[in-house]
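Hi there,

Here is the structure I promised to pass on. Have a look at it first, and then read on for what turned up.

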Amino acid sequence: MVNILWVDDEVELLKPHVLFLKGKGYEVDTCNNGYDAIDMVRANSYDLIILDEMMPGMTGLETLPLIKDIRPTTPVIMVTKSEEENIMDKAIGSKIADYIIKPVNPNQVLLSIKKNVHQQQLVTEQITADYRAEFGRITSMCQMASSFAAWSTLYRKITNWDIELSESNDTGIKEILTYQKAEANQEFCKFVRRNYYDWINKRAEESEIPVMSHTLMRKRILPEVDSHEKTTLLLIDNFRYDQWRAISSLLRGYYDVDTDDFYCAILPTATQYARNAIFAGLMPLAIDKMMPDKWLNDNEEGGKNQYEEEFLRRQLNSMGKNYRWTFDKLVRPEAGRKLIENINRIYDADFSVIVYNFLDILSHARTETDIIRELTEDEASFRSLTRSWFEHSDLFVLLKLLSERGHTVIITSDHGTIRVDNPVKVLGDRETSSNLRYKTGRNLQYNAREVYEVTRPEDIQLPRVNLSSSYIFAYNSDFLVYNNDANRFIRYYRNTFQHGGISMEEMIVPYIVLNPKKR
């Protein structure tokens, strides 16, 4: 039952309106002055208050702040005979939910009540109905998708519905979407398994091979740099399309979206492989062969991404690009502040590259820290935390400054991440890599039907750890566990965000180009 308080010095004349609302199922209390209204609000919890602006004694505008002191979250609809701008400004400044001009129309009141009391319910019902109507089309798209572009379109659609339904109270429809996303991911994994070898080895038609990590710089990024006076590449580790959607509205006042697209991350979808491939413009096997002193395998000690700036320099030189360029990798919070303090070096560059590691750190913190795990229990809360971080970050400040200076900004990532929930058991020796979404090493034992196996790493342009090493990749939301102490391992890592394997979330990476708004 929705309880409404209607405050008006001519309340007796409003009986037909009150009866109309009661006939619609609302409980309506009335009073004819602001003093009684304050007492009633203090004694009762109302879902909505309708308040007349012109009353003798204490006016509606005088009553409103006193009501807000007692019930700050209760929506108030102001009713007024006057359309004077200063009165409306005062009312809106006092945070009214809506206003109605006399003479009052019953349907107008009902519409305002629905907008302020039932909006979430009505929106949820409409979104649920829209998704049910779309369900069959998404299923059909999943069955028909035969190119990376088609899968990108499907992933965008599923992600958009995930965001739309995240505020819904309908748990049943959320479960249906979760099932449909898992089903789509299963089909996407089959698609990758069928085509990945041909993509990497250029055995497919050129038009069928997506832009991938090792071709991203050459095919997408550098043509943008050539087309604009100043360009900044912002590579955010572990950045997914839904997280872009979470922060995009914050940038609306500073940039226009020129490109909202995707590219395909290579396997493994891990920083060591994918990010090095972006900056080198080479697959990992080629990096290992051409620069063996700058490639470390999984089982070797040391940082695996130490030479990104050198890789980029080599790629730019090989393409004859004589840009003035800068390279910054921000790992610690203070690094962002220092970059802003030295912003002129970014302003002066034709091409500036900024690698931002915060989301990768956040993903690992979620695994290791109970409070972060609670704050990011699902994709919706992870998106919310991403937005909150970004809104108060030095990165947001940096992007505002770049917009003022007319920089085109490219936002992308080296790979995404997926929340894992299904353990798949694997046996391996001490040299086997530790990643939960892929393994490389010798003597790996597993169920070949549960993973994507590559027994000859050179077939997909990956280096061997040793002569007999192979790779396996987890599908969908699986994660790879050892038999030793498996139950403890499963409890610790289930429902954490991981990367390295095959899924839409990890491989279909957002590629966004932003043009600064003209001042």
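Tyrosine 452 has phenylalanine 473, in strand E15, as its bridge partner. Before we go further, please keep in mind that this is a predicted model, in which local features need pLDDT of at least 70 and side-chain atom pairs count only at pLDDT 80 or more, while totals for chains, interfaces and linings use all residues. Residues are numbered from 1 along each chain as its sequence is written, and side-chain values use heavy atoms, with hydrogens and water left out.

E14 and E15 run antiparallel and are joined by 4 bridges; two strands pair if DSSP finds at least two bridges between them. They belong to an open sheet of 3 strands with antiparallel pairing, in the order E13-E15-E14. Which strands stand at the edges? They are E13 (438-441) and E14, each with a single partner strand, so one side of each has no neighbour in the sheet. From one strand to the next, the twist averages 15° (axes are lines fitted to C-alpha atoms, for helices over the stretch in contact, and angles run from 0 to 180 degrees between N-to-C directions).

**A helix with two sides**

Next, find helix H20 (residues 486-493), whose buried residues are Ala486, Phe489, Ile490 and Tyr493. Buried means under 20% relative accessible area, exposed over 50%, and partly exposed in between (1.4 Å probe, protein chains only). An α-helix has 3.6 residues a turn, so residues three or four places apart point the same way. Asn487 and Arg491 are exposed on the other side of H20.

Most residues other than glycine have a negative phi, and most peptide bonds are trans. Here are some exceptions to look up. Asparagine 495, which follows H20, has a positive phi near 65°. Asparagine 238 also has a positive phi, of about 70°, and is found in the loop between strand E6 (231-236) and helix H10 (241-248). Is asparagine 238 buried or exposed? With a relative accessible area of 1%, asparagine 238 is buried.

There are cis peptide bonds too. One joins lysine 102 and proline 103, with omega about 0°, and proline 103 sits in the loop between strand E5 (98-101) and helix H5 (106-117). Another runs from leucine 267 to proline 268, with omega near -10°.

**Rings and charges**

How many aromatic pairs does the structure hold? There are 25, where rings of Phe, Tyr and Trp (its six-membered ring) pair if their centres lie within 6.5 Å, and planes under 30 degrees apart count as stacked, over 60 as edge-to-face and the rest as tilted. One of them is the edge-to-face pair of phenylalanine 191 and tryptophan 199, at 5.5 Å centre to centre with 65° between the planes. Both phenylalanine 191 and tryptophan 199 are buried. Ring pairs also link Phe148, Trp151, Phe188, Phe191, Tyr196 and Trp199 into a cluster.

Finally, the charged end of arginine 405 sits over the ring of tyrosine 347, 4.0 Å from its centre. For this, NZ of Lys or CZ of Arg must be within 6 Å of the ring centre and within 35 degrees of the ring normal.

Enjoy exploring!
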